[in-house]
Amino acid sequence: MSDAFLERPRWSCSLGGALAAAGNLPSTTPILHAGPGCAGNFAWTNNGAAGLAVTGSCLGLNVPATNIQENEVVFGGLDRLREEILNTIKLMSGQLYFVLTGCLPEVIGDDVEALVAELTSRKNPLVMASVAGFKGDSYHGYEEVLKTLIHKVIKPSASQEKDLVNVWGIPPTQSPFWRGDLEGLKELLGLLGLKANFFFGPTADFPSLTRAASASHNIVVSGLYGLEAAELFQNKFGVPYVQTPLPLGAAASDRFLTLVGQALKIPSRTVKKAIREAGQRHYAYLEPLVDVFNDMESQRHVLIVGEVNYALALTDFFAEDLGWIPELTVIVNQLEPESQAQVLNYHAAMGGTRPEKLIFANQSQIIAAEAKAIWEPPATKYHLNRQPIFVAASSLERSLAQQLGGAHLSLTYPIANRAILSRGYVGYAGGLRLTEDTVSAFIAGR
Amino acid sequence: MSYLDSPVPPIRERRHPETALAHGAARCGHGPQRSTCAVLAQSDRSFTQGSICPLLPALGIMTSLPETVVLLHGAVGCGSCANGNNVNVRAGRAARGDPGQDAMWLSTALNEINVINGGEEKLAAAIVEADATYHPKVILTVSGCLPGVIGDDLDGVAAKTQSQVKAKILPVHCEGFKSRFMATAYDVVYHALGRHLLPEKAAGPTDPVAVNVMNVGSMGLTDEKELAKLLGELGLVANFFPVFARPESFAQATQARISISVCPTHDDYFLRHLEEKYHVPYIIRHMPIGIKNTSQWLLDLGQELGLTKPTQALVKKEEAELAKALADLKPFFAGKTAFISAGEYRSLATALLLRELGFKILGIRSFHFDSFAEVELAKLDQGEDFIFNVANVQPFEEANLLKRLKPDIFLGHWHGNSTAARLGIPAQVIYNSGYAYLGYQGAYDLARRLYRRLKNPAFYARVGQFATLPYRASWYQEEPFSHIRETQQ
């Protein structure tokens, strides 16, 4: 992998991730203090990368923004920001105004924190996150928004609600199926009688956000994202967190419920009963497919490309639910070797499936070379080839899938060729949808 | 001295100081009036929403170029919009017989250390590695905001690195904060292409039938075919630049008989250069959107080339054929009201077309306004009154206007239609490359799409019942242009 550049980066910057997070908080109006094209840039990005999801009430090109110019770069941008904040409050309602600072104000040294402290009021609470693009990627921006919520928005709680849990680890928009996946987690946790609070998306509400410290636990469904914030939450409010892999499909959901049940000290009888009943329902739906699924020879060798959550969760799903062979799993995140090891060890410790081969890469030529080494054309008459192939990856792997002769389904960022609304793959019902979409992808010409 | 002799192109503000960013008022004069630009140029807003910087349209052109790597020099998110541009690139390449090909863009993904120590070394290393990895003909090194602030010297890096690579390195100065007008995008891209892809002297003798037709990112192959067909009927061959043009083909532009702009605010930078350096004359008036506009565009070309008679005959034939086809649709449109928002020229020219179709124009929003479009506004002033608003998107003004004006249909730029849709107003995109907008065929196709949109606007009616906009109810009671103010630059 190159140290000098990223090829077609599979995420946006800190500001992009933070805007997607803050803009999808309930009753929250984000305000960008940034250059003039950042909002447009994110709108265009989501068009081609996030399942066509561009606008929200205060997203896309609706977001208030200072659009700072040379004048502000030379003389400072605080006057312009002050004016923008005051006018935003006049024009747009919100229970929270969330200032996000981009590259320019941070390089020129605008003291946005002081201005926000001056202008915030009980009536119009104003918070900020410092999320210049050069500070990190979309995942970093998501984490920074969570940290601001913990520091400034979530109120300490005198008591804990035993059945209430906060769910973290799915960054809005950067995880294209985030809305459906959060709902999937709500459904899963509901099987154990738990109530999920997840801050983001159409079904979140502001009072639940501010009351988050009354939860008994935080559940982080990622080997990577949301962990820093969960640590901070634990330190500040004394609420412990449970880390689990993202559960796509039935087998992973079984493990998820078992793990959460243990951590929350739910009687194992209750957990086992929930798992058994969910499995019965799941297979009642799946059963009619068994005939044709078997007879049309559906088993596939799989190439998976994606960020850490989905790359590993898809590996689990294809191996354990469908009984396919994950030949090559490519994780695209830029991680230091120790973080790479941590992520993989964690996934293994949680009982996840290890693919035949796993690499960290995000450059098309490297991915193609690894794939072609596995799927070489047969040199001899009798050849243990790994056909047929299924490519579960991003839209950028379409041409590779074609070269390999495999069917392709866009499941990881960037997704340009699917419209994503409520679809998600978490949980048992999510596993049914993933089965439907996968099979539909390879029988499209049937 | 030509602008192209200097490594860094001037911004629009400097080259066209009359360019306006913020304006809103009723147009109610009939006939010519005093220069609109003089009144408008010194305004901005006390409240703004996120907008589009020159990098976005520039990337639209750059990502389309075959055998080219776009190397974004900036933070990792700067230019992540290339994901959106790539949708057009794939469609455009597929239409041109090369399906399934993604654009190639890279980012130097500047981090905190680079911001402190400078990003030049990283950029140089990226150029060398990109050349070895992708073997492109051209590497466009594109500066986002960050290098502009930390002072990276793009041209210096290119000069130092050029000898180490096979590809031509083209520095593109696209720092978003340096210009308020996205039209600067066209100049910075033309600047890079003009400095590096054109020969020292004309590549060969003038080709008597070759016409440079300057295309824009919003034109698809469909529109190019229409213009090529019309020029073909006059015995002319249209060569399209710069969108989707092969790097080596630019030299051909120096041998053309004449150049013609499709969107006058888009092309003067390059066309002046072709004339000054290679003596290729140019026409930069009118946009071939609308029936009369298309005819005028063709007649201007015909006149310059001594083809007036055959052009008149062509125009007459085309207009008659189109009039016959539109006769069925016009009664359906008669008296319906429309509101238009898009790039400067496209919004104004489309308004003229809508009037030709029988619509009443209630309002027009242009992303900017400059002297190129005075002629277009003057044409519109011949008709009924309308609201004229200059805004780099700014949907809050639009929402306020639409609530008041309640048009039957809204026509807007790519990503500029959702405010109308959320208010329940049927919306028609007028910038989506691949659909026909230009020429006589474009006029008919837009009419056809408007017909089907108005025939069943159910989607918008339902969206309008439930979708939300972020504004307080009180905003709709205020004057829509109350945040526009005079400034002293």
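Which residues in α12(A) meet which residues in α17(A)? Select both helices in this predicted model. On the α12(A) side are Ala278(A), Arg281(A), His282(A), Tyr285(A), Leu286(A) and Phe293(A); facing them in α17(A) are Tyr428(A), Gly431(A), Leu432(A), Thr435(A) and Val439(A). The residues of this contact divide into 7 nonpolar, 3 polar and 1 charged.

Now show the helices as cartoons. Helix α12 covers residues 268–295 of chain A and helix α17 covers residues 427–442 of chain A. Their axes lie 9 Å apart and the packing angle is about 15°, which means that α12(A) is roughly parallel to α17(A). The crossing of α12(A) past α17(A) is left-handed.

Next, go to the boundary between the chains. Here 59 residues of chain B are in contact with 63 residues of chain A. On the chain B side, the elements that contribute two or more residues include α3 (55–62), α4 (82–95), α6 (120–134) and α17 (395–405) of chain B. Select α6(B): it gives the largest share of that side, 6 residues. By residue type, the side of chain B that touches chain A divides into 31 nonpolar, 21 polar and 7 charged.

Stay at the boundary and select strand β1 (residues 6–7) of chain A together with β4(B). The two strands pair in the antiparallel sense over 2 bridges, and Leu6(A) stands opposite Ser107(B) in β4(B).

Finally, colour by pLDDT. Chain B averages 94, with 97% of the residues scoring at least 70. Select residues 30–35 of chain B, where pLDDT stays under 50; for this stretch the model has 6 contacts beyond four places in sequence. For the complex, the predictor gives an ipTM of 0.97 and a pTM of 0.96.

Key:
Residues numbered from 1 in each chain as written. Chains lettered and ligands numbered in written order. Predicted model: local features only at pLDDT ≥ 70, side-chain atom pairs only at ≥ 80, totals over all residues. pLDDT = per-residue confidence, 0-100. Contact = placed C-beta atoms within 7 Å. Axes fitted to C-alpha atoms, helices over the stretch in contact; angles between N-to-C directions. Helix = DSSP H or I, 4+ residues; strand = E, 2+ residues; numbered from the N terminus. Parallel < 35°, antiparallel > 145°, perpendicular 65-115°, else oblique. Left-handed = near helix turned anticlockwise from the far one by under 90°. Nonpolar A, V, L, I, M, F, W, Y, C, P; charged D, E, K, R; others polar. Pairing = 2+ DSSP bridges.
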